[in-house]
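Okay, thanks for coming, everyone. Let me put the model up and then we'll walk through it.

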Amino acid sequence: MTLNPWRLRLLSQLDALGTVRAVAQAANLSPSSVSQQLAVLENETRTQLLERTGRRVRLTSAGLILARRARSILDQMDAVEAELRELSQEPSGRVRLGAFQSSIHTLAVPAIGHLDHPHLQVELVELEPHASMPALLAGEVDVIITTTDFVELPVPPDIDVVPLGADPIVLVTPPGQPKNDIAACKDEPWAFDIPGSYMANLATRLCRQAGFEPRVVGRFSNYMLTLKHVEAGLAVAVLPALAVDPRFDVVTRELPVTRRITAAVRRDSRAAITVVLDALHTLQSLRNLSQSDER
């Protein structure tokens with residue numbers, strides 16, 4: 001039995017994305033082409049991998065086993081290919097970068113844009129701090145942008161951390177309603193991040209330190225929705241400064257709290273991963289220097 005890696009990748013994507021149409025969009029193929037290739041994979045394995053339920057297709061037990069094993073196989077193939085390319089000193093292969101929401105367009109995207117390695121592919125995944133460290137430990141991503149201030153999730157000893165900078169935490173209130181501190185908002189409705197997230201835990205802790213239990217009227221994992229909620233006068237919020245989009249008409253007050261932004265990798269990561277890590281560090285160093293010159 002010879003298994004085609006490309007078809008294995010399609011099967012793995014079907015497990016992750018859920019529909020043939022979504023796989024087709026991700027792979028730049030038509031849905032019928034994806035279905036044909038999966039049918040060929042069934043013939044190659046002599047096993048039923050898919051079953052139809054109405055208009056949808058789902059993986060059989062055998063299909064699930066192969067899809068999830070395929071992910072490991074494909075990662076190993078990517079790693080071997082990268083190691084061979086690295087013999088010629090050219091970083092290559094796929095590097096999966098997990099980044100929290102407000103760092104994607106401020107840190108991750110600019111760093112990726114500065115890379116000049118034609119054989120290096122960076123896959124960007126949105127992961128908040130409560131999810132990114134477990135994903136790094138499980139091998140689901142290779143590099144993460146996170147914070148080491150998430151006290152509920154300490155950094156394991158086999159993880160290398162590179163400081164990138166500090167991000168002030170701000171109190172966000174509706175237009176025309178400035179507040180000096182969190183204590184002044186004890187009777188206000190609050191918008192929080194999802195339960196268990198870094199920002200939800202931090203906001204709860206800051207409110208309790210100010211002597212009250214917040215009345216939460218909305219929970220959003222998307223900072224744009226939080227800002228829209230505050231702008232409409234429906235709530236106040238605590239957010240990282242990076243998350244506050246200037247297009248929203250809100251009032252911010254810097255709090256005496258910052259979050260330390262860091263990048264993290266598993267120890268003894270391959271060269272291609274180190275290249276991405278270095279790009280993040282270099283970008284932030286240049287920004288810090290520029291800010292210092294402005295002052």
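So, pLDDT is the predictor's confidence in each residue, from 0 to 100. The chain here averages a pLDDT of 87, and 93% of the residues score at least 70. One stretch to watch is residues 289-295, where the pLDDT is below 50. Beyond near neighbours in sequence, that stretch has 0 contacts in the model, a contact being heavy atoms within 4.5 Å. Where pLDDT is low, the predicted coordinates should not be read in detail.

Quick housekeeping. This is a predicted model, so local features need pLDDT of at least 70 and side-chain atom pairs count only at pLDDT 80 or more, while totals for chains, interfaces and linings use all residues. Residues are numbered from 1 along each chain as its sequence is written, and side-chain values use heavy atoms, with hydrogens and water left out.

A nonpolar core, for us, is a set of buried Ala, Val, Leu, Ile, Met, Phe, Trp, Tyr and Cys residues joined through side-chain atoms within 4.5 Å. Buried means under 20% relative accessible area, exposed is over 50%, and partly exposed is in between, with a 1.4 Å probe and protein chains only. The largest core has 29 residues, and L171, I182, W190 and L255 are among those with the most contacts inside it. Which elements give it two or more residues? Those are β6 (159-173), β7 (189-192), α7 (198-209), α8 (223-231) and β9 (237-240). Helices here are DSSP runs of H or I, at least four residues, and strands are runs of E, at least two, numbered from the N terminus. The largest share, 6 residues, comes from α7. Apart from this core lies another, of 24 residues, including L97 and V265.

Now charges. A salt bridge is a side-chain nitrogen of Lys or Arg within 4 Å of a carboxyl oxygen of Asp or Glu, and by that rule we get 15 of them. Take E123 and R94, with the closest N and O atoms 2.9 Å apart. That pair links distant parts of the chain, E123 in strand β4 (residues 120-126) and R94 in strand β3 (residues 93-99), 29 residues apart. R94 is buried at 16%, whereas E123 is partly exposed at 31%.

For another pair, R58 bridges to E51 at 2.8 Å. R58 is partly exposed at 47%, and E51 is partly exposed at 29%.
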